[in-house]
Amino acid sequence: MSVAEQIKQIIENDDIVLFMKGTPDFPQCGFSGRVAQILNECNAKFVGVNVLEDPEIRQGIKDFSKWPTIPQLYVKGEFIGGCDIVNEMFENGELKDVLNG
Amino acid sequence: MVTPQEIKTWIETGLPNSSATVDGDGQHFEALVTCPDFEGKREIQRHRMVYEALGSKMDSTIHALSIKTQTR
């Protein structure tokens, strides 16, 4: 299975997937930690994919999303954004709708 | 080590009609990008425009970049 196919499967298996550095309980980067924290505050049930454990996924997700940075949030297979965007959506109330929608 | 000034230049060169204010410590940067072409575009679309302007610089040169956008 190619990396792209792997990623496709990951984002289709679960509604809310966060590609991050580290794990939701032990984030290894401030931006990744922030998004995990926001999802927890929204009581969202999500899967964390630790890109530090897999260099192929780490590069693969950047190619897949055509987005150069980590963290990356996917909801129902759709790319939502990185830390800046998720933070802004959280603050203006939009995120809760996206997570529940 | 890359400087805020370099990032500002790269953004403004790669994204026509834009102006950027960039701060940073050499590792983590913050950019406020103003461009009328952002009008009507969702935040994620605007961020993509900035990333596209920076192109391959995002591969390794710039470690972290926080982006805020406005139309004027």
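**Rings and charges in a two-chain model**

Let's start with a charge and a ring: the charged end of Lys57(B) sits over the ring of Trp10(B), 4.7 Å from its centre. To count as sitting over a ring, NZ of Lys or CZ of Arg must be within 6 Å of the ring centre and within 35 degrees of the ring normal.

Keep in mind that this is a predicted model, where local features need pLDDT of at least 70, side-chain atom pairs count only at pLDDT 80 or more, and totals for chains, interfaces and linings use all residues. Residues are numbered from 1 along each chain as its sequence is written, chains are lettered from A and ligands numbered from 1 in the order in which they are written, and side-chain values use heavy atoms, leaving out hydrogens and water.

Now for rings that meet rings. Rings of Phe, Tyr and Trp (its six-membered ring) pair if their centres lie within 6.5 Å; planes under 30 degrees apart are stacked, over 60 edge-to-face, and the rest tilted. That gives five aromatic pairs over all chains. One of them is Phe64(A) with Tyr74(A), a tilted pair at 6.4 Å centre to centre with 55° between the planes. Phe64(A) lies in helix α3 (residues 55-65) of chain A and Tyr74(A) in strand β3 (residues 72-75) of chain A, so this pair ties together parts ten residues apart in sequence. (Helices, H or I with at least four residues, and strands, E with at least two, are DSSP runs numbered from the N terminus.) Tyr74(A) is buried, at 3% relative accessible area, while Phe64(A) is partly exposed at 30%. Here buried means under 20%, exposed over 50%, and partly exposed in between, using a 1.4 Å probe and protein chains only.

Next come Trp67(A) and Phe79(A), whose ring centres are 5.1 Å apart with planes at 65°, so they are edge-to-face. Both are buried. Ring pairs link Phe19(A), Phe64(A), Trp67(A), Tyr74(A), Phe79(A) and Tyr51(B) into a cluster.

Side chains of opposite charge can pair when their charged atoms come close. Glu94(A) and Arg42(B) bridge at 2.5 Å between their closest N and O atoms. Glu94(A) is in helix α5 (residues 94-100) of chain A and Arg42(B) in the loop between β2 (28-34) and α2 (43-54) of chain B, so this bridge joins two chains.

Definitions and conventions
Salt bridge = Lys/Arg side-chain N within 4 Å of Asp/Glu carboxyl O.
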